Amino acid sequence: MMPKVVLLGRPNVGKSTLFNRLIRSNRAITHDRPGVTRDRMEGVVRSRFGRDFTLIDTGGITLDHHEAVAEGPAGIRGFEAEILKQAEAALKEADVVCMVVDGRDGLMPFDEHLASHLRKCGKPILLIVNKVDGPEKEELLVADFHILGFPITACSAEHGHNLRGVEGEIRDMLPEDDGFGDEDAEESDEGAPAETEEDREKPGVRRRKAADNLKLCFLGRPNAGKSSLTIAFIGEDRMIVSDVAGTTRDSVDVSVEKDGRTYTFVDTAGVRRRSRITDTVERFSVNSSLKSTTKADVTFLVLDSCEGLTSQDKRLIELLDERKTPFLVCLNKIDLIPAKARKDLLAEMQEQLSFCSHIPVVPVSAKTGEGMSRLIPLAERIYAECGTRVSTGLLNRAMEETLTRHQAPVVRRVRPKFFYLTQAESEPPTFVCFVNDADRVAESYARYLEKSLRRIFGIRHAPMRLHLRSSHGKKDAK
């Protein structure tokens, strides 16, 4: 396990900007407005010359002189207690504490109250005076903070001043390496899911093996229950859950081990229609959510059972289907639907999703745990199907079988002639079918071809591409 370092401080001192700089990635949303960060977020600070460590970003902490929660700025108002709870959890597991302050503002009461609170944790504390744009300003801007009695270093996260110095100071405070790593761990198949008949490879069809770390992303409209589902999987209150839509802003990654395998769950901000987004922070959040789906192995699109399939849900499904993103639909809050109405709800949902019928719909409840056990095995199957590779011989036999069962209809007095089928890519499976004139292949017949190939190759739920391409043999066929 890598040592952990936590960034703590009052709102708007630049913790998220410093976090992004140190991990060398724009993971956390940053804005001049205070209170943008609410959930805690983790990243890894890597170096060729020093030890790697995990860095934890947290929301702004507001404490009064009794070290009790005080009212914060508008961005976190109503969430102060939850943010403190998340920060306390991060503080408990951290090896080093970095208290971040604003050099331009000087020493503020919230800084003093937090410093008093942190002295009791018994862990090494580094005071980082941020927003110091150069060495010539350090002496003046740092002077007020010596009274806190912590080791001090100054930097400017926004402009990059002394970031290497900050990183070096943190590494010097890390606990000594015990010398034990993962190299001595014995490999074991214990806990691996049993192979089913459906999962066994067919002759001529190869699927990729299970991922060492499967990345699963939760996407959906605000208040659909993405954070609740994430918490249900990881078994701890890792992010703030509220009935207020838009509580989650950053895309938060949490890795856990289940049955001997590692899974990374990515909780994202709710995605509303673009026309309704007027706030710049929400726009950043939505872009981060959609970007997370491109980096995940499988996406869980979370819908609210009580609201059914809304127009925004359909837009998200169309977007994921168009991008060929591996995903499944989680029909959350199913416990709120009467038992007699569930069958009709699922039937209606399947009918509305007929344009992408390969997408599985799983009724679940983050509150009761109903249906949750089906999600990970289904995600692993989709991941395996995405790496399907089919031999040339099986491809040609599949095309022959498909054409024999149902010939292509005549279009403009000519029946399309099919020559051969080849696989161009395997992530996702992409097949190219050469015909004498691709324009003469009806759209309905193209859908029939895709369904037939899915059935023959066992690609039930993964995205698949089928391209029809006119071949040089077109003139001969005429």
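Trainee: What covers the buried residues of helix 12?
Mentor: The cover includes strand 7 (205-206), strand 14 (389-390), helix 11 (392-405), strand 15 (418-426), strand 16 (429-435) and strand 17 (465-470). Helices (H or I, at least four residues) and strands (E, at least two) are DSSP runs, numbered from the N terminus. Buried means under 20% relative accessible area, exposed over 50% and partly exposed in between, with a 1.4 Å probe and protein chains only.

Trainee: What kind of model is this, and how are residues numbered?
Mentor: This is a predicted model, in which local features need pLDDT of at least 70 and side-chain atom pairs count only at pLDDT 80 or more, while totals for chains, interfaces and linings use all residues. Residues are numbered from 1 along each chain as its sequence is written, and side-chain values use heavy atoms, with hydrogens and water left out.

Trainee: Which residues of helix 12 are buried?
Mentor: They are Y445, Y448, L449, S452, L453, R454, I456 and F457.

Trainee: What span should helix 12 have?
Mentor: Helix 12 (residues 443-457) has 15 residues and should span 21 Å at 1.5 Å a residue; its end C-alpha atoms are 21 Å apart, which agrees. The expected span is 1.5 Å times one less than the number of residues.

Trainee: What happens just after helix 12?
Mentor: G458 takes a positive phi of about 75° there.

Trainee: Why does R454 count as buried?
Mentor: R454 has 8% relative accessibility, so it counts as buried. Leaving aside neighbours within four places in sequence, R454 is in contact (heavy atoms within 4.5 Å) with H358, I459, R460, H461, A462, P463 and M464.

Trainee: Changing topic, how many helices and strands does the protein have?
Mentor: The protein has 13 helices and 17 strands. Of its 478 residues, 51% are buried. Among contacts between residues at least 6 apart in sequence, 70% join residues at least 24 apart.

Trainee: Which residues touch the most other members of the largest nonpolar core?
Mentor: That core has 54 residues, and those that touch the most other members are L216, F265, F300, L375, F418, F431 and F457. A nonpolar core is a set of buried Ala, Val, Leu, Ile, Met, Phe, Trp, Tyr and Cys residues joined through side-chain atoms within 4.5 Å.

Trainee: Which element gives the largest share of this core?
Mentor: Helix 10 (residues 375-386) does, with seven residues. Eleven of the twelve residues of helix 10 are buried, including L375, I376 and L378. Helix 10 reaches 17 Å from its first C-alpha to its last, close to the 16 Å expected.

Trainee: And what does F431 touch?
Mentor: Not counting residues up to four places away in sequence, F431 touches V390, L395, L421, T422, Q423, F457, I459, M464, R465, L466 and H467. There is also a second, separate core of 26 residues, which includes I61, A94, V97 and L127.

Trainee: How many aromatic pairs are there?
Mentor: The count comes to nine. Rings of Phe, Tyr and Trp (its six-membered ring) pair if their centres lie within 6.5 Å; planes under 30 degrees apart count as stacked, over 60 as edge-to-face and the rest as tilted. One of the pairs is F233 with F265, which is stacked at 4.9 Å centre to centre with 15° between the planes. F233 lies in helix 6 (residues 226-234) and F265 in strand 10 (residues 261-267), so this pair ties together parts that are 32 residues apart in sequence.

Trainee: Where is I152 found?
Mentor: I152 is in strand 6 (residues 152-154), and at 23% relative accessibility I152 counts as partly exposed. I152 and L126 are 26 residues apart in sequence and 6.2 Å apart in space, C-alpha to C-alpha. Not counting residues up to four places away in sequence, I152 touches L127, V129, V142, F145 and H146.
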